[in-house]
Structure formats: C-alpha cells, structure tokens
Amino acid sequence: MAKTEKKTFEESIARLEEIVGALEKGDAKLADSLKLFEEGTKLATDCGKMLDEAEQKVVKLSKGADGAPVESDFTGEAEGNGR
C-alpha cells in the first residue's frame, strides 16, 4: 500500500494550475478529463481548508501603551473604522 503524503499549499496550487491547463487544452479523453476534474475539485477543497486553517492562526499585532507589540485574535474586520 502506497503512503499518501499531504501536499503543501504551494504544491497543490501548482498541480491545480497544471490540471486547469490540461482541461483548457481539451485534447484529453473524456475519462481522463473526468479524473482530472475530480482531482482538481479535491485539490481546490483541500486548498480552501488550508487557507481557513491559516486564517485562524493569524494574529493581529498592535502597539500597546508602552510601545511594545500586543497580540490579539485577528477578526478579519477592521474594528472602529467608522463604516
């Protein structure tokens, strides 16, 4: 049984770009195109999950009263921006 290694985000994006290029050419057989499409769909889902995980790890750095950096959770929205 072959061990399945998890690809990095960059490797997954590169492979997804290869798949898109192959599908755009249109010279693959239907069965091969379907396999590529399925692989691409899985890669896109995996990349989305990796981005979600990365976003959850991001922290917001701000300057404290004493000038030292202070970490807080990143909310994704600018707080108190008046909008």
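Aspartate 46 pairs with lysine 42 in a salt bridge, their closest N and O atoms lying 2.9 Å apart. Both residues sit in helix 2. They are four residues apart, about one turn of the helix. This is a predicted model, and every distance here is computed from it.

Lysine 42 is exposed, because its relative accessible area is 52% and the cut-off for exposed is over 50%. Aspartate 46 has a relative accessibility of 22%, so it counts as partly exposed.

**The salt bridges**

How many salt bridges does a search of the whole structure find? The search finds three. In general, side chains of opposite charge can pair when their charged atoms come close. The table lists the pairs.

| Pair | Closest N and O atoms | Location |
|---|---|---|
| Aspartate 46 and lysine 42 | 2.9 Å | both in helix 2 |
| Arginine 15 and glutamate 18 | 3.0 Å | both in helix 1 |
| Arginine 15 and glutamate 39 | 2.9 Å | helix 1 and helix 2 |

Arginine 15 forms a salt bridge with glutamate 18 and another with glutamate 39. Within helix 1, arginine 15 and glutamate 18 are three residues apart, about one turn of the helix. Arginine 15 and glutamate 39 are 24 residues apart, and their pair links distant parts of the chain.

Are these residues buried, partly exposed or exposed? Arginine 15 counts as partly exposed, because its relative accessibility is 22%. Glutamate 39 is also partly exposed, at 28% relative accessibility. Buried would require under 20%.

**The largest pocket**

Rolling a probe the size of a water molecule over the atoms shows where empty space is left. The largest pocket has a volume of about 260 Å³. Ten residues line this pocket. Closest to its centre are Glu5, Lys7, Lys42, Leu43 and Asp46.

Which element gives the most to the lining? Helix 2, residues 30-57, gives five residues. By class, the lining has six charged, two polar and two nonpolar residues.

**Confidence**

The protein chain averages a pLDDT of 83. Of its residues, 82% score at least 70. Confidence is highest in helix 1, residues 9-25, with a mean of 96. Strand 1, residues 59-63, has the lowest confidence, with a mean of 71.

Notes:
Residues are numbered from 1 along each chain as its sequence is written. This is a predicted model: local features need pLDDT of at least 70, side-chain atom pairs count only at pLDDT 80 or more; totals for chains, interfaces and linings use all residues. Side-chain values use heavy atoms; hydrogens and water are left out. On a 1 Å grid over the protein atoms alone, a cavity is a set of points where a 1.4 Å probe fits but cannot get out, and a pocket is an open set with protein on both sides within 12 Å along at least five of seven lines; lining residues have an atom within 4 Å of a point. Grid points are joined across faces, edges and corners, and a volume is the space filled by probe spheres set on the points. Helices (H or I, at least four residues) and strands (E, at least two) are DSSP runs, numbered from the N terminus. Ala, Val, Leu, Ile, Met, Phe, Trp, Tyr, Cys and Pro count as nonpolar, Asp, Glu, Lys and Arg as charged, and the others, Gly among them, as polar. pLDDT is the predictor's confidence in each residue, from 0 to 100. A salt bridge is a side-chain nitrogen of Lys or Arg within 4 Å of a carboxyl oxygen of Asp or Glu. Buried means under 20% relative accessible area, exposed over 50%, partly exposed in between (1.4 Å probe, protein chains only).
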